[in-house]
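Open the model in your viewer and keep the selection tool at hand. This tour goes from stop to stop, saying what to select and what is there.

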Amino acid sequence: MIIKAKYLYEYLIEVTFDDGIIKVIDLESFFKNHNWALVRKFIPLELFKQFYIDCGTLMWGDNECSIDQFEIYEGKYDAVIEYA
């Protein structure tokens, strides 16, 4: 279960799970390539940044959009960060 989420930059969020696992996820493709307009409405960063946690799930809007916590945990949205 997600217990903490922190906005980093662009579409990257750091999430902490109740077992101590921390992941940095990149949700740009999820939002920009989604078929549903209701999900795409959160593409502007000012709206994207307004996420919250409800029952361990990352949410946007009034229960309009959510990212499955198990998919995050399993690495589906893991960010690829390159260092120079």
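Start with the hairpin of S2 and S3: four residues lie between the two strands, and Gly20 in the turn has a positive phi of about 95°. Strands here are DSSP runs (E, at least two residues), helices are DSSP runs too (H or I, at least four residues), and both are numbered from the N terminus. Strands count as paired if DSSP finds at least two bridges between them. The model is a predicted one: local features need pLDDT of at least 70, side-chain atom pairs count only at pLDDT 80 or more, and totals for chains, interfaces and linings use all residues. Residues are numbered from 1 along each chain as its sequence is written, and side-chain values use heavy atoms, with hydrogens and water left out.

**The sheet**

Select strand S2, residues 12-17. S2 pairs with S3 in the antiparallel sense, over five bridges. Pick Thr16; its bridge partner in S3 is Ile22. Now pick Leu12, whose bridge partner in S3 is Asp26.

S1 and S2 run antiparallel, joined by six bridges. Ile2 has Phe17 as its bridge partner in S2. Tyr9 has Leu12 as its bridge partner in S2.

Zoom out to the whole sheet. Three strands make an open sheet in the order S1-S2-S3, with antiparallel pairing. Its edge strands are S1 (2-9) and S3 (22-26), each pairing on one side only. From one strand to the next, the twist averages 25°. That angle is taken between N-to-C directions, on a scale from 0 to 180 degrees, with axes as lines fitted to C-alpha atoms.

Is S2 enclosed or open? Five of its six residues are buried, so S2 is largely enclosed by the rest of the structure. Buried means under 20% relative accessible area, exposed means over 50%, and partly exposed lies in between (1.4 Å probe, protein chains only).

**Two positive phi values**

Go to the turn of the S1 and S2 hairpin, where two residues lie between the strands. Select Glu10, in the loop between S1 and S2. Its phi is near 45°, a positive value in a residue other than glycine. Most residues other than glycine have a negative phi. Glu10 counts as partly exposed, at 44% relative accessibility.

Next, select Asn63. Asn63 sits in the loop between strand S5 (57-60) and strand S6 (65-67). Its phi is positive too, about 60°, although Asn63 is not a glycine. At 59% relative accessibility, Asn63 counts as exposed.

**The aromatic cluster**

Select Tyr7, Tyr11, Phe30, Phe31, Phe48, Phe51, Trp60 and Tyr77. Together they form one aromatic cluster. Rings of Phe, Tyr and Trp (its six-membered ring) pair if their centres lie within 6.5 Å; planes under 30 degrees apart count as stacked, over 60 as edge-to-face, and the rest as tilted. How many aromatic pairs are there? By this rule, the count comes to nine.

Keep Phe30 and Tyr77. Their ring centres are 5.9 Å apart and their planes are at 90°, so the pair is edge-to-face. Distant parts of the chain are linked here: Phe30 is in helix H1 (residues 28-32), Tyr77 is in the segment after helix H4 (69-73), and they are 47 residues apart. Phe30 counts as buried, at 18% relative accessibility. Tyr77 is buried, with a relative accessible area of 9%.

Switch to Phe31 and Phe48. This aromatic pair is also edge-to-face, with 5.5 Å centre to centre and 90° between the planes. Phe31 is in helix H1 and Phe48 in helix H3 (residues 45-48), 17 residues apart, and the pair links distant parts of the chain. Phe31 and Phe48 are buried.

**A surface patch**

Select Leu8, Tyr9 and Ile81, which make a nonpolar surface patch of about 250 Å². Patches are made of residues with over 30% relative accessible area and no salt bridge; nonpolar side chains (Val, Leu, Ile, Met, Phe, Trp, Tyr) are joined within 5 Å, like charges within 9 Å. A salt bridge is a side-chain nitrogen of Lys or Arg within 4 Å of a carboxyl oxygen of Asp or Glu. Areas come from the Shrake-Rupley method with a 1.4 Å probe. Ile81 lies in the segment after H4. Ile81 is partly exposed, with a relative accessible area of 35%.
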